[in-house]
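Keep the structure open while you read.

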Amino acid sequence: MNPPPVEIALDFRAVAPIAISGIGAMAVLLLEVFLARRKTFLFKPIGPSYVSGVLGLAATFTLVAAITTAAQAFLSGGTAVFNPEHPMVQLDRFAAFGIGVVGVGALLAVWLSIHYLVELRINYGEYYALLLLSTSGMMLMVSAVDLISVFLGLEILSIPIYVLAGFDRRKLDSNESAMKYFLTGSFASGLLLYGMALLYGTTGHTDLAGIRAAFDAGNPLTVGGLGLVIVGFAFKVSSVPFHQWTPDVYEGAPTSVTAYMSVTVKAAAFVTLLRFAAAGFATVPENLTQVLWVLAVATIAVGNITAVVQDNVKRMLAYSSIGHAGFILIGFVAASPEGYSAVLFYLFAYLFMNVGAFGVIVALADRGRDWDRIEDYSGLARTRPGLAAVMTLFMISLAGIPGTVGFVAKFQIFAAAVKAGHVWLTVIAVLGSVISIYYYLRVPVHMYMREPGEVSPRTGMDTTEGLVLLTCVFGVLFFGFFPDGIDRLPLSALSWARDSVALLR
Amino acid sequence: MIPIEHVIGLSAILFTVGTLGALTRRNLIVILMSIELMLNAVNLAFVGFARAWGDLGGQIMVLMVITVAAAEVAVGLGIVIAMFRNRDSVNIEDVSLLKW
C-alpha cells in the first residue's frame, strides 16, 4: 500500500537570495566556457580583460538581484520560512540585514577584482564562481535557524574561500595563505561540529528554537557544547586566542580576496553568532558573559598592540581587523537590544571603511606586485593625491575619529556597554582605540610627510576600482554624518539595525 | 543494545586522538587525516545521539558532514598539491614564509 501523499507548502521566497547567488555561480562558470580564449563555434576569442569584465558584470547582476530580493524582504518586514513544518531557513529582517551586508561586500569585491586579476595574471573565471558560491553560503548561514543549515552554510562559505586565498597558485605566499586558512578553518569546523553534536545530544533537537526550549544550563555537556560552538565561531571571526591565522592569511591572499573575506566572513559569522546568542540562549547570560568579556578584552589588546609594529599595510589591517572583532564582541557582552543593534551597525560600517582601505591597495597594485609595504606609501600625496586623500579618510574612519562612520559605530557599541554597566570594559576598549590611532595614522604620515620613493606608483585607475572607492567614501562620510539618514535620502542605517534586532526577542 | 555511554565514549576518544594529531603532527597529509578523524568522531556522536533520542535529525546531519568532508578533503589535497609543486615538501615546518 502506498503511503498517503505528503503535502509540503514550500515558501521559495525564503531561499531566493541564496538560490540566486548559487545559480549565478553556476552560470558564471558556464559563461567562462563560452568566453574561451580560443575560437569556438559561437564566439571569437576576446582579450583577457574583456573576459574578466564580462564575468564581473554577470556576477554584478547576480548579486544585485540577490540584494534586491533581500531588500524587499526587509522592507515588507515579514518572516518567510522555507518549510514551516521543519524550519531550517528563515528569511526575516535580521537575516535580510545580514544578506545585505554580505551581498554589498561581495559586490564591492567583484568590482575590485575585475582589473586586479588581469594585473596579477590570475584571470580565471572560477574566481567569480567561487566568490558567488561562498556568498550564497554566507546568505544561507545568516538565515539558518537549524544546526544543519548553520553548518552547511558555514562550509559552503569556507571551502570556496580556501581556494580563493590560494588563487595565485604560482606564488608561495598565496599557497601558504590557503594552507593555513584551510588547516585552521577545518580544524575549527571539527570543534564546532563536536559542539553541535553535544548540543544535539543533550537537547534532542537540531533546530535552534528546540535547543533553546530544552537548554539546561546545569548540564556540563550542554555548556561544553555551547562553548565549542563559540570556539568554532571565534576562529571564523578571528577572536583571540584563535586569531593566529588571520595576519598570515590576509597578507598572503590576493588583496581583492582579503577585502572580500575580511568584511563578509566576519559579518556572516557575527550575525549567526547573534542568532545563537540572542535567539538561542537567552537563558544563560551569566557564565557566557564572563567568557565573552575576557575574549573581548584579549582580542582588543592583542589586535591593537600587535598592529603597532607591522610594516606591511595588509598585515597591519589584518591585526586591526582582530581589534575590530574585539570591539564587536563588546556588543555581545552588553547582551542588550542596543548592544546587538550596535553589532549590526558596526558590521555595516566596517564594510565601507575596510573594503575602501583594501581598495586603495588594489588600485595601486602594479606589474604583478601588491603595493603593501609601508615604504611604498611614502610621498603618495605628491604622486597620487586623490588616492592618498581617500586612504587617509579610511584610516581615520577605522581609527574612529568623529565625522566618519567608524566613530558612530564605536560610539553605539560603547554606549550600549556603559548602559549595561560594563564601564571597565569600555575604558579598556577606548584605550585600545587610542592605540589604534597611532598605527592607522602612520599611513597618512608616510603619504604626506615623506619623500616619494624611486619607483613611481601606477598611474590611472580602472573604472570599477574608482566605483568601489567612491561607494566607500560615500558610505564612510554619509553614514558618518547622517547615521539616521536625511529627508532627501532616507538611508537610515541605525534604524535598519534596530529593526533587525527587534525581531530577535 | 550498546549503551549510549559507550558510543559517546568512543567518539570522545577518537575526537581527542584526532585533535592531538592535528595539533602535533608535522606532515600535512597526516594533519588532514587527523581532521578527518575528528569529523568521523563527530559523525559517530551524532548517530549515537540520534538513536538514543529516536530522532532523524542527527542522522541527516551525518549525511551532510560526510558530503562536506569529501568536498573539504578534495580542496585540501588540491592545496597540498599546489604547495608541493612549488616547494617539493609537505612538511608544515616549511610553511613559514609569512610570520609576524
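Start where helix 13 of chain A meets helix 16 of chain A: the helix 13 side includes Glu338(A), Gly339(A), Ala342(A), Phe345(A), Tyr346(A) and Met353(A), and the helix 16 side includes Val405(A), Val408(A), Ala409(A), Ile413(A) and Lys419(A). Contact here means heavy atoms within 4.5 Å, and helices are DSSP runs (H or I, at least four residues) numbered from the N terminus. The residues of this contact split into 11 nonpolar, 3 polar and 3 charged. For that count, Ala, Val, Leu, Ile, Met, Phe, Trp, Tyr, Cys and Pro are nonpolar, Asp, Glu, Lys and Arg are charged, and the others, Gly among them, are polar.

How do the two lie against each other? The axes of helix 13 (residues 337-364) and helix 16 (residues 405-419) of chain A come within 9 Å and cross at roughly 160°. That makes helix 13 of chain A roughly antiparallel to helix 16 of chain A (the label applies to angles over 145 degrees). Axes are lines fitted to C-alpha atoms over the stretch in contact, and angles run from 0 to 180 degrees between N-to-C directions.

The phi of Ala335(A) is near 50°, a positive value in a residue other than glycine. Another backbone detail is the cis peptide bond between Val240(A) and Pro241(A), with omega about 0°. You'll find Pro241(A) in the loop between helix 8 (220-236) and helix 9 (245-252) of chain A.

A word on ground rules: this is a predicted model, with local features needing pLDDT of at least 70 and side-chain atom pairs counting only at pLDDT 80 or more, while totals for chains, interfaces and linings use all residues. Residues are numbered from 1 along each chain as its sequence is written, chains are lettered from A and ligands numbered from 1 in the order written, and side-chain values use heavy atoms, leaving out hydrogens and water.

Now for the partner chain. In all, 44 residues of chain A are in contact with 45 residues of chain B. Together the chains bury about 3700 Å², 78% of it on carbon and sulfur atoms; buried area is the accessible area (1.4 Å probe) that two parts lose on being put together, summed over both. The interface has 1 salt bridge by the rule, a side-chain nitrogen of Lys or Arg within 4 Å of a carboxyl oxygen of Asp or Glu. Glu176(A) pairs with Arg87(B) in a salt bridge, the closest N and O atoms being 3.2 Å apart.

Definitions and conventions
Helix = DSSP H or I, 4+ residues; strand = E, 2+ residues; numbered from the N terminus. Parallel < 35°, antiparallel > 145°, perpendicular 65-115°, else oblique.
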